[in-house]
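Biologist: I am new to this structure and would like to go through the terms used for it. Please give the value and the cut-off behind each term.

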Amino acid sequence: MLQVISNISSIITAVTFIVYLVGRLIRISFSKYNTHERFTVYERQKTGRDIEEETNYLEISAIGDEFILEAENDVRRITFFRCELEDNFSKIKSMVKIGEWGHLSAHEKLYIRCDFGEFLPFIRIEIERLDFARVSFNINESGKNGDLVAYNYKYTTGIKGFLYYFFQ
C-alpha cells in the first residue's frame, strides 16, 4: 500500500512539473505580444531651446528633421540604418548603418536630427532592449503633410530572451 501511495505522489509531482513548464512556455509566447512597448516617435516641438543643448542628442546629419525617440523599458542599443528599395519597391536594396546610440534608460528621451531624403528612402531603427528582445521599425517623412510616420513594427526575441523570460 505504501508503494502505491509513493508512486502516485511521484506521478503527481511529475505532472505538476510538466504543467509548470507548459505554463511558462505559454506565458513567454503571450508576453511576446502583450508586454512589449511601442516606441513613441514624434516631431520636436518648437520650444525655443536648441536640440544640441539636450543631454541625449544624436546628430546623424547636420540638417534635417528633428524628432524624439522615447522607450518604456531600458534599452541596450539603438541602431539607425538608411535603406533604399529596389526598382519594383518590394525588397530592400541596401541598408547602410548611419548612427548608433548606447544605453538609454526607461522613459528617457533621445533627441535625433536626421535627414530623411526623398520619399522612398527611409530610416530603419533597430532597438535591442536589456531583456534581449529586438524591436525594429521603419520611419520616413509623409509625403502628404510632412509628418513622421513609423510603420512595419517587428518584435523578436532570441534564445537569450527566451531564457530571460523563462527564468524570470
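Biologist: Why is His-107 called exposed?

Modeller: This is a predicted model, and every value here is computed from it. His-107 has a relative accessible area of 52%. Exposed means over 50%, so His-107 counts as exposed. His-107 sits in the loop between β5 (92–101) and β6.

Biologist: What is the phi of His-107?

Modeller: His-107 has a positive phi of about 60 degrees, although it is not a glycine. Phe-132 also has a positive phi, near 65 degrees, and is a residue other than glycine. Phe-132 lies in the loop between β7 and β8.

Biologist: Is Phe-132 buried, partly exposed or exposed, and what makes it so?

Modeller: The relative accessibility of Phe-132 is 27%. Buried is under 20% and exposed is over 50%, with partly exposed in between, so Phe-132 is partly exposed.

Biologist: How do you know that Ile-139 is buried?

Modeller: Its relative accessible area is 0%. The cut-off for buried is under 20%, so Ile-139 is buried. Ile-139 is in strand β8. Between Ile-139 and Phe-122 there are 6.0 Å in space, C-alpha to C-alpha, while the two are 17 residues apart in sequence.

Biologist: How much of the chain is buried?

Modeller: Buried residues are 35% of the 168 residues in the protein chain. The chain exposes about 10,600 Å², with carbon and sulfur atoms supplying 57% of that area.

Biologist: Which residues have the most contacts inside the largest nonpolar core?

Modeller: They are Ile-78, Phe-80, Leu-110, Ile-112, Ile-125 and Ile-127, in a core of 26 residues. Elements that give two or more residues to this core include β3 (65–70), β4 (75–85), β9 (148–157) and α2 (159–166). Strand β8 gives the most, with 4 residues.

Biologist: What makes Cys-83 buried?

Modeller: Cys-83 has a relative accessible area of 0%. Since buried means under 20%, Cys-83 is buried. Cys-114, with 1%, is buried by that rule too.

Biologist: Why is the pair Arg-113 and Glu-59 called a salt bridge?

Modeller: The closest N and O atoms of the pair are 3.5 Å apart. The cut-off is 4 Å, so the pair counts as a salt bridge. Arg-113 lies in strand β6 and Glu-59 in strand β2 (residues 57–59), so the pair ties together parts that are 54 residues apart in sequence.

Biologist: Are Arg-113 and Glu-59 buried or partly exposed?

Modeller: Arg-113 is buried, because its relative accessible area is 8% and the limit is under 20%. Glu-59, with 42%, is partly exposed.

Biologist: How many salt bridges does the structure hold?

Modeller: The structure holds 7. One of them joins Glu-100 and Lys-97, with the closest N and O atoms 3.5 Å apart. Glu-100 is partly exposed at 38%, and Lys-97 is partly exposed at 47%. Another is between the side chains of Arg-124 and Glu-126, with 3.5 Å from N to O. Arg-124 is buried at 10%, whereas Glu-126 is partly exposed at 29%.

Biologist: Which residues form the nonpolar patch on the surface?

Modeller: Phe-17, Ile-18, Tyr-20, Val-22, Ile-26 and Phe-30 form it, with about 620 Å² of accessible area together.

Notes. Residues numbered from 1 in each chain as written. Predicted model: local features only at pLDDT ≥ 70, side-chain atom pairs only at ≥ 80, totals over all residues. Heavy atoms only, no water. Core = buried A, V, L, I, M, F, W, Y, C linked by side-chain atoms within 4.5 Å. Buried < 20%, exposed > 50% of the residue type's maximum accessible area, 1.4 Å probe, protein only. Areas by Shrake-Rupley, 256 points an atom, 1.4 Å probe, with all protein chains shown as cover. Patch = residues over 30% accessible without salt bridge, like charges linked within 9 Å, V, L, I, M, F, W, Y side chains within 5 Å.
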